[in-house]
Amino acid sequence: MTPMQTGAIGAHNAKVMNRFDLTKRLVGQLKHEEAVIGGIGNANFDLWASGQRSQNFYMLGSMGLAIPIALGVAIAQPRRHVITLEGDGSLLMQLGCLATVAERAPKNLTIVVWDNGIYQITGSQPTPGAAVADIVAIARGAGIASSAWAADESEFDRLVASALKGGGPSLIAARIDSKPAVGTTDRDPVQIRERFMRGLGVRGG
Amino acid sequence: MTDIQTRATAWHEVVLATLKANDVSLIVYVPDRVFTPLIKAIHADPFFTVFAATREEEALGIISGAWMGGLRAAALMQTSGFATIPNALASLVVPSQIPALIFVSERGTLGEFNLGQALVCKTMRPVLDSLAVENITITRQDELAFVVDRSIKQAIATQAPVTFILSPLLTGGKVFEA
């Protein structure tokens, strides 16, 4: 069993970290034009603030669809690693997609869940199950065996490095604080989509 | 498309052949009784990557991602499933100009036995029209290949989604055993 499969710690033993810091750590490990799909809201905003890459897709609406979009990209481009950054509230809205991902089992897909237990962008209301639901246990139950809480920043780095080797699908959950995102995305869906497609080599130029 | 029209004998064979001719190779669906022969035939053809999603909006997300990654993809669903996707259409597919190819098996009309299906059917075209999403109701098999082939090409050329509503007049629909 790899460390990711043993899952030595539960949600409540994981250190509360910062989303922007972890986003920068993750993006810093990307050396092969990996695609990154940012979920709606703060996941997106911190991805934008971490440095704009043409392989980033910033999802502006359609809450809950970051993981399905990432699955589609992963199927279309099996040689490119695809990472999606999603909030706990967004994931709860579309839990079924974890079973779909597990069943398709794309080796090149990594799901990162930022869990602060709140709908931060709408006024910090608690998400359903914030105090009782365990996203890693849910993901494992859905069939994503390689799912783990990151105990701290250095373990987050290790889990990301391990996931990028391509034995996925994998899910990394991180407890995060309620600090606001560092930036906000431009809100031009066509430009975001077009730049992303060029970044993936689908369009010329 | 004349070859497809003359060779094929059933509506689902025409749809399958037209998808192949247009290199639409990823199919994501939420099941429907009337679409079962189409879904079975797609599963049986190694040209396609095909699987079920848990919700119709999930299917839209997957085919949107696939298209951005360079793969042509379609979603199959029934009328009631369509009623779950207006947000995904209005906040992802339409503003991002993604040529999502959507096939809907039309329930709720021409012999429907479930009032819920009949009502939800009435919401479908107004939703599509209000978003200016091309939607075509197909009732005749002799027009099927032409309509689907040309509309897929238009969707991709104009970067706009299209919805094909397959009427019971084409498919036979779901029959109520009274």
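In chain A, the buried residues of helix H3 are Asn42(A), Ala43(A), Asn44(A), Phe45(A), Asp46(A), Leu47(A) and Trp48(A). Here a residue is buried if 20 or more other C-beta atoms lie within 10 Å of its own, exposed if 12 or fewer, and partly exposed in between, with C-beta atoms placed from the backbone. Please keep in mind that this is a predicted model, in which local features need pLDDT of at least 70, side-chain atom pairs count only at pLDDT 80 or more, and totals for chains, interfaces and linings use all residues. Residues are numbered from 1 along each chain as its sequence is written, while chains are lettered from A and ligands numbered from 1 in the order in which they are written.

**Helix H3 of chain A**

- H3(A) spans residues 42-49 and is mostly covered, with seven of its eight residues buried. Helices (H or I, at least four residues) and strands (E, at least two) are DSSP runs, numbered from the N terminus.
- What do the buried residues of H3(A) pack against? Their partners in chain A are helix H2 (19-28) and the strands E1 (35-38), E2 (56-58), E3 (82-87) and E4 (109-115). Two residues are in contact if their C-beta atoms, placed from the backbone, lie within 7 Å.

**Overall build of chain A**

- Nine helices and eight strands make up the secondary structure of chain A. Its radius of gyration is 15 Å, close to the 17 Å that the globule rule gives for 205 residues, so chain A is as compact as a globular protein of that length. That radius is taken over C-alpha atoms, and the rule is 2.2 Å times the number of residues to the power 0.38.
- Along the principal axes, the C-alpha atoms of chain A fill a box of roughly 45 × 40 × 30 Å.
- Of the 205 residues in chain A, 49% are buried.
- Among contacts in chain A with a separation of 6 or more, 76% join residues 24 or more positions apart.

**The sheet of chain A**

- Six strands form an open sheet in the order E2-E1-E3-E4-E8-E7 (chain A), with parallel pairing. Two strands pair if DSSP finds at least two bridges between them.
- The edge strands are E2 and E7 (146-149) of chain A, each of which pairs on one side only.
- E4(A) runs parallel to strand E8 (residues 170-175) of chain A, and six bridges join them. Thr110(A) stands opposite Ser170(A) in E8(A).

**Where chains A and B meet**

- The contact takes 27 residues from chain A and 25 residues from chain B.
- On the side of chain A that touches chain B, helices H4 (66-76), H6 (96-104) and H9 (189-199) of chain A each supply at least two residues. The largest share, eight residues, comes from H4(A).

**Two spots in chain B**

- Strands E1 (residues 24-29) and E2 (residues 49-52) of chain B pair in the parallel sense over four bridges. Leu26(B) stands opposite Thr49(B) in E2(B).
- Gln159(B) lies in the loop between helix H8 (141-158) and strand E6 (162-166) of chain B. Gln159(B) is partly exposed, with 14 other C-beta atoms within 10 Å.
- Not counting residues up to four places away in sequence, Gln159(B) touches Gln97(B) and Pro99(B).
- Gln159(B) and Leu60(B) are 99 residues apart in sequence and 15 Å apart in space, C-alpha to C-alpha.
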